[in-house]
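Hi,

Here is the structure I promised to pass along.

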Amino acid sequence: MLSKRIIPCLDVKDGRTVKGVNFVDLKDAGDPVELAWQYAQQGADELVFLDITATHERRKTMIEMVKSVARQLNIPFTIGGGITEIADAEALLNAGADKISINSAAVKNPQLIADLAKVFGVQFVVVAVDTKFIAGKNWVHLNGGRLMTTLETEHWIKQAEEAGAGEILLTSMDHDGTKQGFDCKLLDSISKMINIPVIASGGAGKTEHFTEVFTTTGVDAALAASVFHFGEIPIPYLKNELKKHNIPVRL
C-alpha cells in the first residue's frame, strides 16, 4: 500500500507566506524559503507553493524563489499561480520545481492540460480545483475563489483527468481555514470517480481530521497550511498519530 502524503501548502503573496480564512483576511505567516526548509526537516513528503496573486510581471520573483527553495530541499515541490503557457511551466521546472499546478488557466483553456502533459509528462501536471457548494451542487471557482463558473466540480475533474492531469488538488472553499475538518463526503466521491491521485485541501484543524480523511475517503494526500505554519500540529507528531491508526506514512 502506498504511503499517504502530508503536504504543507505555502500561499505566497509578494514574496511572503500568507494564510486566510475562506480565501480572505490574509495574515503573514513567514518567509517561504525558510518555512520550506523547516518542513523538509520535519518530514513533510512534499510542498506546494501557490502564488496567489500571480501575474506575468511577478514571474521573475517566483523564479528566484523557486531557485532558492530548490537549493534547500530534498523533497518534491509543486508551484502554481500564473502558469498560462508551456514557457511558464518550463521556466519553473528549469528553476527546480518538480511539478506545476494550474487552475484558472486550465478552465479557460483545457487544452493546456494536454499540452503540458505531452511536453513534461502526466506526473508533472497537477490540476488545482477550488470548489464551493451552492444550491445543492459543487461549483468550480476561479481567480483565488473570487469568480464562480458554470462548471460543476465533478464534471470538470473528470474532464481534467481525461485531458491528462496527473493529480487533482481539491480545495473546499467552504472548509478552507475553518479548521472544522476536510469535506470528506466530496473527497470520497471524487476519489472513487477518478483513477489519479487526489490531494485533500481545506479544513484541517487537528490530527483527527487527517485520520478521518485517510480512513473515510480514498485520497492519496492531505494538504494544510495554518496548522503547520503556526506550529499547531508538528508534522512528526501527526505522522506518529496516523501510524497508530494503521495509516501508512513515511516516517
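Predicted model: local features only at pLDDT ≥ 70, side-chain atom pairs only at ≥ 80, totals over all residues.

The crossing is a right-handed one. On the α8 side the residues involved are Thr207, Phe210, Thr211 and Phe214, and they meet Tyr237, Leu238, Glu241 and Leu242 of α10. Sorted by class, this contact has five nonpolar residues, two polar and one charged.

There is another pair to look at, α3 (residues 86-95) with α5 (residues 111-120). Their axes come within 10 Å and cross at roughly 40 degrees, so α3 and α5 are oblique to each other as well. Here too the crossing is right-handed, with α3 passing α5. From α3, the contact uses Ile86, Ala89, Glu90 and Leu93, while α5 brings Asp115, Leu116, Val119 and Phe120. The class count for α3 with α5 is six nonpolar, two charged and no polar residues.

Next, the cysteines. How many disulfides does the model have? The count is zero. Cysteine 9 is in no disulfide, and the nearest cysteine sulfur to it, in cysteine 184, is 18 Å away. Seen from the other end, the sulfur of cysteine 184 has cysteine 9 as its closest cysteine partner, and 18 Å is too far for a bond, because a disulfide needs the two sulfur atoms within 2.5 Å.

Are these cysteines buried or exposed? Cysteine 9 is buried, at a relative accessible area of 4%. Cysteine 184 is buried too, at 12%, since the cut-off for buried is under 20%.

You will find it in strand β10, which spans residues 167-172. Its relative accessibility is 5%, so serine 172 counts as buried. What does serine 172 touch, apart from its neighbours within four places in sequence? Its contacts are Thr131, Asp183, Ser201 and Gly202.

That's what I have for now.

Cheers

Definitions and conventions:
Residues numbered from 1 in each chain as written. Heavy atoms only, no water. Helix = DSSP H or I, 4+ residues; strand = E, 2+ residues; numbered from the N terminus. Buried < 20%, exposed > 50% of the residue type's maximum accessible area, 1.4 Å probe, protein only. Contact = heavy atoms within 4.5 Å. Axes fitted to C-alpha atoms, helices over the stretch in contact; angles between N-to-C directions. Parallel < 35°, antiparallel > 145°, perpendicular 65-115°, else oblique. Left-handed = near helix turned anticlockwise from the far one by under 90°. Nonpolar A, V, L, I, M, F, W, Y, C, P; charged D, E, K, R; others polar.
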